[in-house]
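Q: I'd like to learn how to read a few features off a protein model. Can you walk me through them one at a time?

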Amino acid sequence: MFMLPPGTATGIGSLPGADALAALDVVLASFPDLPYWPQLPARSAAESMYLQFSGWWPGMVCREGRSYVDRAAVTPEAQARLYAAFLGEAGGPELAAVPATSAAGLYALEDRRPALAQAVAIKGHITGPISLGLTLTDTDLRPLLYDDLLMDMALKGLALSLRWQGAYLRQFNPSVVLFIDEPYLSTVGSGFFAYSRERAVAYLAELAAAVPGVAVGLHCCGNTDWTVAVEAGIAILSCDAYGFAPQLLTQAPVFDRHLRRGGSIAWGIVPSLEEQAAAEDALALTQRLEELLAGLEARGVQGDRLRRQSLLTPACGLGGQSPDGAARILGLTAAVAAAFRERHGL
């Protein structure tokens, strides 16, 4: 399993503003070792995480602020094209390429090739199948998650998007990390959503195996059962350690199992709301992280392994913050990572 250097810092995905190159430069300034391409939801509705990787789908309709799949347009011919591409017979990953109109930050990488080449790795991201399946609907407002055909097509399309993005990012750096963003993973086991834990594991496992040679992580900023991601074979668990530290302590056996098999954990120890971040500093957040790790160690997680397989991030994406607030959060994350590495000689 691909391992990043201990204490490596990066971000989650979205940033404020509409200037892709300016946003990328903020990322590079804070995270030169593991930069990521910024989503810019304020730039266009097409950069919404729920449209960014689905605009090419057969029957996708975006009209008057509503996005849905027209079930009648999902013809046998459209299905055949998708499955042929998935099997590598025609079109391949290019069928699910994300256009520049939907991901300006991704294409801005071209203007920063030298900096990207010097990084340890480069991080990309994609919307997860559960979150996408619960958010996008068909014509009758039925979530795709409850339509077996559309959901299977969604999985194949997301796998193609991962393959395409992995190949695209390798132009800039041979080492690539891809995160699945799954805010709705926290609904697993909830009585309000009728899908099984086993289905969630199967969906994530299909994507975790979609790009051989690439470390696939999963980000969930809610309180979730992390055994789902571990059983799916996810390499990097990305959690909100600022908001959910007590709940994370209860999952020490899960994290221990994950670390023992060579996985990493990205601790979102820096708050992603600028009002909260304004009340914090690197020293306080580093201490908060140390207390969480000490708590996990007290519950049986091997301490040296835990620290050597830890990464640092903000708790979530920053698209809803001000540009100055987002830049401060990224800088604070980098400062916490530096303090963490220094404290443990990493």
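Predicted model: local features only at pLDDT ≥ 70, side-chain atom pairs only at ≥ 80, totals over all residues.

A: Let's start with a strand pair: strand 2 (residues 66-69) runs parallel to strand 4, and two bridges join them. Strands here are DSSP E runs of at least two residues, helices are H or I runs of at least four, both numbered from the N terminus, and two strands pair if DSSP finds at least two bridges between them. Residues are numbered from 1 along each chain as its sequence is written, and side-chain values use heavy atoms, without hydrogens and water.

Q: In what order do the strands of the open sheet lie?

A: The order is 1-2-4, three strands with mixed pairing. Strand 1 (60-63) and strand 4 (137-138) are the edges; each has a single partner strand, so one side of each lacks a neighbour in the sheet.

Q: How do I read a pair of aromatic rings?

A: You describe it by the distance of the centres and the angle of the planes. Rings of Phe, Tyr and Trp (its six-membered ring) pair if their centres lie within 6.5 Å; planes under 30 degrees apart are stacked, over 60 edge-to-face, and the rest tilted. That rule gives six aromatic pairs here. For Phe 31 and Tyr 36, the centres are 6.4 Å apart and the planes at 40 degrees, so the pair is tilted. Both Phe 31 and Tyr 36 are buried, where buried means under 20% relative accessible area, exposed over 50%, and partly exposed in between (1.4 Å probe, protein chains only).

Q: Which parts does the pair of Tyr 107 and Tyr 168 tie together?

A: This pair is tilted too, with 5.4 Å centre to centre and 55 degrees between the planes. Tyr 107 is in helix 3 (residues 104-107) and Tyr 168 in helix 6 (residues 148-169), so the pair ties together parts 61 residues apart in sequence. Tyr 107 is partly exposed at 27% relative accessibility, while Tyr 168 is buried at 11%. Ring pairs also link Tyr 107, Trp 164, Tyr 168 and Phe 172 into a cluster.

Q: Which ring does the charged end of Arg 288 sit over?

A: The rule asks for NZ of Lys or CZ of Arg within 6 Å of the ring centre and within 35 degrees of the ring normal. Arg 288 has its charged end over the ring of Tyr 242, 3.9 Å from the centre. Likewise, the charged end of Lys 123 sits over Phe 179, 4.7 Å from the ring centre.
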